[in-house]
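Subject: Predicted model, handover and findings

Hello,

Here is the model we discussed. Please load it first, then read the notes below.

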Amino acid sequence: MPVQTDLFGCFTDNFGVLIHDPGTGATASIDAPEAAPVEAALKRTGWRLTDILVTHHHGDHTGGIAQLKKAHQCRVVAPRNEAQRIPLVDETVGEGDTVKVGALAGRVIETPGHTAGHISYFFPAEKLAFVGDTLFSIGCGRVIEGNPEMMWQSLLKLRGLPDDTQFYCGHEYTAANVRFAKTIEPNNKALAARAEEVSRLLAAGKPTIPATIGAEKAANPFLRADVPEVAQSLGLAGSPAWKVFAEIRERKNRS
Ligand SMILES: [Zn+2]
């Protein structure tokens, strides 16, 4: 039976998401922003929580861990390089490690920049990626603990996943990201199409994710810092891609 996911909102703009292996009954929560919406999703689906896979230490991704672990005795998997900042960790993981959720196998990709130890989880057989606050649809996370060059390298790793990979991110920021992206690439047709799709989804009360890596490569300016036309439009023709990325990120911070 194919993998199942359940996506829901937490706080004002955080996403929670469950991944479920019907064969074994195993269910993982990707991060745990707050316990109540995760419990509601478990009740709605009838799934039993076996694991929490943490992407990074921020409180809006870890605040529900203690309560969920107490209720379900689930395993908590966390990034090795910042596990000391995350509560009740059972297992730490780093680049290339495999995390099993029942029979599902996720590969750990280290994606530092937003935080120093941030990781993403990629399930190759299911073509699913959980990228926390590194990549957003038409955007990317703020570079808080790392530097722009590090963040660009992390985004390149995610950009290198198969085009038909569906990715889930930590926040519903897509509408604001689209508005900003149009200031960088006003003539990008893929971006214009995505803008229409996002308006339609939000008007219908639906989330704008998951998105695919392939679609994102065509429309997300933060994944396009090495496109010569993008560098040129920012007055940075010939600059290294990470510098173009840094300029786009800086403009977004000020927007
Ligand atoms: Zn964060």
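Glutamate 95 is partly exposed, with a relative accessible area of 43%. (Buried means under 20% relative accessible area, exposed over 50%, partly exposed in between, with a 1.4 Å probe and protein chains only.) This is a predicted model, so local features need pLDDT of at least 70 and side-chain atom pairs count only at pLDDT 80 or more, while totals for chains, interfaces and linings use all residues. Numbering starts from 1 along each chain as its sequence is written, and side-chain values use heavy atoms, without hydrogens and water.

Salt bridges

The structure has 14 salt bridges (a side-chain nitrogen of Lys or Arg within 4 Å of a carboxyl oxygen of Asp or Glu). Glutamate 95 is in one of them: its partner is lysine 157, with the closest N and O atoms 2.9 Å apart. Lysine 157 belongs to helix α4 (residues 148-159), and glutamate 95 to the loop between β6 (91-93) and β7 (98-101), so the pair ties together parts 62 residues apart in sequence. (Helices, H or I of at least four residues, and strands, E of at least two, are DSSP runs numbered from the N terminus.) Lysine 157 is partly exposed too, at 35% relative accessibility.

Aspartate 164 and lysine 127 also pair, at 3.0 Å from N to O. Aspartate 164 sits in the loop between α4 and β13 (166-168), lysine 127 in the loop between β9 (119-123) and β10 (128-130), so this bridge joins parts 37 residues apart in sequence. Aspartate 164 is partly exposed at 45%. Lysine 127 is partly exposed at 31%.

Glutamate 185 meets arginine 224 at 2.6 Å between the closest N and O atoms. The former is in the loop between α5 (174-184) and α6 (189-203), the latter in the loop between α7 (213-219) and α8 (228-233), so parts 39 residues apart in sequence are tied together. Both glutamate 185 and arginine 224 are buried.

There is also a network: salt bridges link Asp51, Arg75 and Glu91.

Nonpolar cores

The largest nonpolar core has 49 residues (a core is a set of buried Ala, Val, Leu, Ile, Met, Phe, Trp, Tyr and Cys residues joined through side-chain atoms within 4.5 Å). Leu53, Tyr121, Phe123, Phe130 and Ile248 touch the most other members. Beyond four places in sequence, isoleucine 248 is in contact with Phe180, Ile184, Pro221, Phe222, Ala225, Val230 and Leu234 (contact: heavy atoms within 4.5 Å). A second, separate core of 18 residues includes Phe8, Leu18, Leu49 and Ile86.

Asparagine 220

Asparagine 220 is in the loop between α7 and α8. It is buried, at 0% relative accessible area. Beyond four places in sequence, asparagine 220 contacts Leu135, Phe136, Ser137, Ile138 and Gly139. Its side chain reaches the backbone oxygen of glycine 139 at 3.0 Å.

Helix packing

Where do α4 and α9 meet? Pro148, Glu149, Met151, Trp152 and Leu155 in α4 contact Ala241, Trp242, Phe245 and Ala246 in α9. The axes of α4 and α9 (residues 241-254) are 9 Å apart, at an angle of about 105°. (Axes are lines fitted to C-alpha atoms, for helices over the stretch in contact; angles run from 0 to 180 degrees between N-to-C directions.) α4 and α9 are therefore roughly perpendicular (65 to 115 degrees; under 35 is roughly parallel, over 145 roughly antiparallel, the rest oblique).

Best wishes

Conventions. Polar contact = N/O pair within 3.5 Å; in protein donor to acceptor, adjacent residues only side chain to side chain.
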